[in-house]
Amino acid sequence: MAQGSYVEASYERDTRYINDRITKDGADGWPVEAGRYRLVAARACPWASRAIMVRRLLGLEDVISLGLCGPTHDANSWTFDLDEGGLDPVLQIPRLKDAYDKRFPDYPRGITVPAVVDVPSGGVVTNDFAQMTLDFMTEWTDHHREGAPDLWPVALRDEMAPVMKRIYTEVNNGVYRCGFAGTQESYDAAYDRLFTALDWLEERLTNQRYLMGEHLTCADVRLFTTLVRFDPVYHGHFKCNRQKLAEFDALWAYARDLFQTPGFGDTVDFVQIKRHYYEVHRDVNPTGIVPQGPDLTNWLEPHGRESLGGSPFGDGTAPGEIAPAERVPQDANPAVGADGQLRR
């Protein structure tokens, strides 16, 4: 399998996405419609993980179907190697690239997850991961489950916007800026930026349970996807090694609090996460060897964050049980039982 090249003198993420939106009014030609669209994701990818989590938290599982790619891919595309015969059972394609090319022949940019695919046509609608989840929260409200949390509350949006922007630029993307740095100078600068932001988050979360106060919002979802990968991948593979997540006081307790909350930890597959980074990034890890550690049972330790007050879902409720087809294997996550549900 021919892998791509990731290391650059100074890493800059390509943010040119397909920015069509699925909306209630169908302004872009894509109206909200139950059963029409398929979310194609990969548990290995942090950007895709946020879409999986938001879909579950809001109860959109029966409205937007889920296709899962395997944890590794070549230079061209994510593949459906987890499915029987290597074909997505709904789209009947072996590679996500086929959905991109269906709509945009010889699509010239990266084939990324998450992507929403229009099932009737087989063509990709959007891969704009940030807007995608905001639209799940605001455009799909008629299909939210009863008790779904308000992850993007109107009263907090002005305050949330700069917090989420800093989390994206300095943390979500900051770990990649470290890991794909091609010079000592660019790595040093990226490292300093990352840990400056983590120190800011440590301070912010010392006296409040969640990023925006007493209840979960999409800001917490966005931060969690990086934190849950930090010790298994970013600390070693990406050289983000001033300290482990487990060596922060507030951040580590906060991350465990989220991990033990339905909709967060029960979507995490540590086996796929580690395989993706260590096997795919061969210019960072030429041997492709996947480390056995770290011990992940510490994610189950008591977090004590209840003492700060608040509640995860506010006036809402926790999501229900995960459908059998979407459960994370027990050997991939110490928090889930044989039934795929969080251990209580």
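A residue counts as buried when its relative accessible area is under 20%, as exposed when that area is over 50%, and as partly exposed in between (1.4 Å probe, protein chains only). By that rule arginine 157, with a relative accessible area of 27%, is partly exposed.

Before going on, a word about where the values come from. This is a predicted model, in which local features need pLDDT of at least 70 and side-chain atom pairs count only at pLDDT 80 or more, while totals for chains, interfaces and linings use all residues. Residues are numbered from 1 along each chain as its sequence is written, and side-chain values use heavy atoms, with hydrogens and water left out.

(Helices, H or I with at least four residues, and strands, E with at least two, are DSSP runs numbered from the N terminus.) Not counting residues up to four places away in sequence, arginine 157 touches Thr138 and Trp152; contact here means heavy atoms within 4.5 Å. Tyrosine 107 is 50 residues from arginine 157 in sequence, and the two are 34 Å apart in space, C-alpha to C-alpha.

Now for another arginine. Is arginine 55 buried or exposed? Arginine 55 is buried, since its relative accessible area is 1%. You'll find arginine 55 in helix H1, residues 46–58. Once you leave aside neighbours within four places in sequence, the contacts of arginine 55 are Leu39, Leu60, Glu61, Ile64, Ser65, Leu66, Phe136 and Glu326.

Leucine 251 sits in helix H8. Leucine 251 is buried, with a relative accessible area of 0%. Apart from neighbours within four places in sequence, leucine 251 is in contact with Leu198, Leu201, Glu202, Leu205, Leu227 and Leu245. Along the chain, leucine 251 and threonine 206 are 45 residues apart, and their C-alpha atoms are separated by 8.0 Å.

Phenylalanine 104 lies in the loop between helix H2 (96–103) and strand E3 (115–118). Leaving out residues up to four places away in sequence, phenylalanine 104 touches Ile18 and Val124. Threonine 267 is 163 residues from phenylalanine 104 in sequence and 31 Å from it in space, C-alpha to C-alpha.

| Residue | Relative accessible area | Class |
|---|---|---|
| Phenylalanine 104 | 28% | partly exposed |
| Aspartate 106 | 68% | exposed |
| Lysine 239 | 42% | partly exposed |
| Leucine 251 | 0% | buried |

Two packed helices are described by the angle between their axes and the distance between the axes. (Axes are lines fitted to C-alpha atoms, for helices over the stretch in contact, and angles run from 0 to 180 degrees between N-to-C directions.)

H1 packs with helix H7 (residues 218–234) at an angle of about 130°, and their axes are 9 Å apart. That makes H1 oblique to H7, because angles under 35 degrees count as roughly parallel, over 145 as roughly antiparallel, 65 to 115 as roughly perpendicular and the rest as oblique. Pro46, Ser49, Arg50, Met53, Val54 and Leu57 of H1 make the contact with Val221, Arg222, Phe224, Thr225, Arg229 and Tyr234 of H7.

What about H4 and H7? They pack at an angle of about 10°, and their axes are 10 Å apart. That makes H4 roughly parallel to H7. On the H4 side the contact is made by Met160, Met164, Ile167, Val171 and Asn172, and on the H7 side by Cys218, Ala219, Arg222, Leu223, Thr225 and Thr226.

Most residues other than glycine have a negative phi, and most peptide bonds are trans. Aspartate 106, though not a glycine, has a positive phi of about 55°, and its place is the loop between H2 and E3. Lysine 239 has a positive phi near 60° and lies in the loop between H7 and helix H8 (250–259).

The peptide bond from valine 113 to proline 114 is cis, with omega near 0°. A cis peptide bond also joins glycine 293 and proline 294, with omega about 0°.
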